[in-house]
Amino acid sequence: MKYQKLALTLTAIATLAVGQAEAKTRLTLANSLSADHPTSTALQQFADEVKERTDGEVTIQLFLNAVLGSEREVLEQLQNGAVDMTRVSAGNLENFDPVFKAFTLPYIFKGEDHFYRVMTGPVADEVYNTTEGSGFVGLTFFDSGARSFYTTDKPINTPEDLAGQKIRVLNSNSSIRMVEMMGGSPTPMPYAEIYTALQMGVIDGAENNVTALTIGRHGEVAKFYSQDEHLRIPDFLVISNAAAKKLTDEQNAIVKEAALNATESFRALWDQAVKDSTAEAEKMGVTFVSPDQAPFREKVMPLLDEYRNDPDFGGLLTQILETE
């Protein structure tokens with residue numbers, strides 16, 4: 001399967017080259033999200049700005065809907081030169097550098113404003129270059145939203161409400177331990193299986209940002225969304241070392257500036273997407289509740305205290321937690 005997708009990658013790039021022979025440098029950008037996702041819109045803005053500001057000397061072609069493979073597969077293609085850039089979750093980047101594990105921990109951000117202060121400050125500059133030894137570096141970040149619990153039969157107003165509830169989680173040790181500490185029964189499974197699992201009663205709920213209720217249609221079966229906002233895992237836009245070397249210093253500067261501009265535009269796009277998804281979910285019959293987050297935070301504090309001492313990313317975690 002891996003080699004089939006690599007062949008697809010090379011075929012797609014070859015096809016692209018026929019129609020863009022006039023460009024001196026052609027770069028490919030893979031994104032697993034759909035064309036109507038706010039991140040894809042922001043990435044197209046990024047590509048358009050780079051083309052305009054380099055007078056067409058550098059063009060970037062987007063490949064959406066995971067057509068070139070999963071995030072992990074695309075990262076491997078990035079390393080071997082088949083793909084130049086990709087948008088990827090911090091959860092997948094931790095496979096290349098453990099420092100990214102810090103971003104998968106609960107309640108490291110105090111809210112959206114704190115998230116943006118951290119991600120536009122010294123922390124981001126430190127993180128972007130940690131994967132250089134793996135063949136790529138970061139250009140910018142995107143907010144993938146606050147993750148909260150949504151359930152089929154009852155709202156989650158306190159951690160005690162999670163008792164006996166089977167909750168689908170990301171297949172990561174920190175996510176599993178988080179739900180256990182809160183009192184629930186974590187159940188890792190692929191995203192594509194959530195809808196049926198909710199419908200059949202295999203799980204009682206899941207956790208994700210609000211767009212899962214609408215884009216994933218989970219709101220058809222899960223009727224309570226409890227905004228405890230326990231996770232906010234960023235996405236990163238990364239470029240391979242080899243691709244960066246194809247560009248002049250001036251072109252690299254333009255790429256970096258255009259990436260940061262895309263992030264700035266994305267924030268408004270994402271805020272609107274959340275509002276639209278919330279309104280649509282309410283029409284689907286979903287009830288939104290806003291529990292006190294303090295008891296949930298208290299339950300997972302031992303996990304954060306433990307990871308503060310981790311030699312790989314404890315320092316970064318402390319930086320994030322202590323950012324005002």
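Analyst: Ala, Val, Leu, Ile, Met, Phe, Trp, Tyr, Cys and Pro count as nonpolar, Asp, Glu, Lys and Arg as charged, and the others, Gly among them, as polar. By these classes, the lining of the largest pocket has 11 nonpolar, 17 polar and 8 charged residues. The structure discussed here is a predicted model.

User: What is the volume of the largest pocket, and which residues lie nearest its centre?

Analyst: Its volume is about 1100 Å³. The lining consists of 36 residues, and those nearest the centre are E71, R147, L170, Y191 and N208. Two or more lining residues come from each of α3 (71-80), β3, α4 (90-93), β6 (166-169), α9 (211-214) and α11 (249-283).

User: How do you know which faces of β3 are covered?

Analyst: In a regular strand, side chains alternate between the two faces of the sheet. On one side of β3 stand M85, R87 and S89, on the other T86 and V88, and all are buried, so that both faces are covered.

User: What makes β1 and β3 a pair of strands?

Analyst: Two strands pair if there are at least two bridges between them. Strand β1 (residues 25-30) is joined to β3 by 2 bridges, and therefore the pair meets the requirement; the two run parallel. In this pairing, L29 is opposite M85.

User: What makes β3 and β10 a pair?

Analyst: The requirement is again at least two bridges. V88 has F236 of β10 as its bridge partner.

User: Why is M189 called buried?

Analyst: The cut-off is under 20% relative accessible area. M189 has 13% relative accessibility, so it counts as buried. The residue sits in the loop between β7 (185-188) and α8 (194-200).

User: What makes a residue count as touching M189, and which residues do so?

Analyst: Contact requires heavy atoms within 4.5 Å. Leaving aside residues up to four places away in sequence, M189 touches R168, V169, I194, A197 and I203.

User: How many residues line the second largest pocket, and which element gives the most?

Analyst: The second largest pocket holds about 230 Å³ of space. It is lined by 15 residues, with A146, V210, E229, R232 and V274 closest to its centre. The element that gives the most is α11, with 4 residues.

Technical notes: Residues numbered from 1 in each chain as written. Predicted model: local features only at pLDDT ≥ 70, side-chain atom pairs only at ≥ 80, totals over all residues. Heavy atoms only, no water. Buried < 20%, exposed > 50% of the residue type's maximum accessible area, 1.4 Å probe, protein only. 1 Å grid on protein atoms, 1.4 Å probe; cavity = no way out; pocket = protein on both sides within 12 Å on 5 of 7 lines; lining within 4 Å. Points joined across faces, edges and corners; volume = space filled by probe spheres on them.
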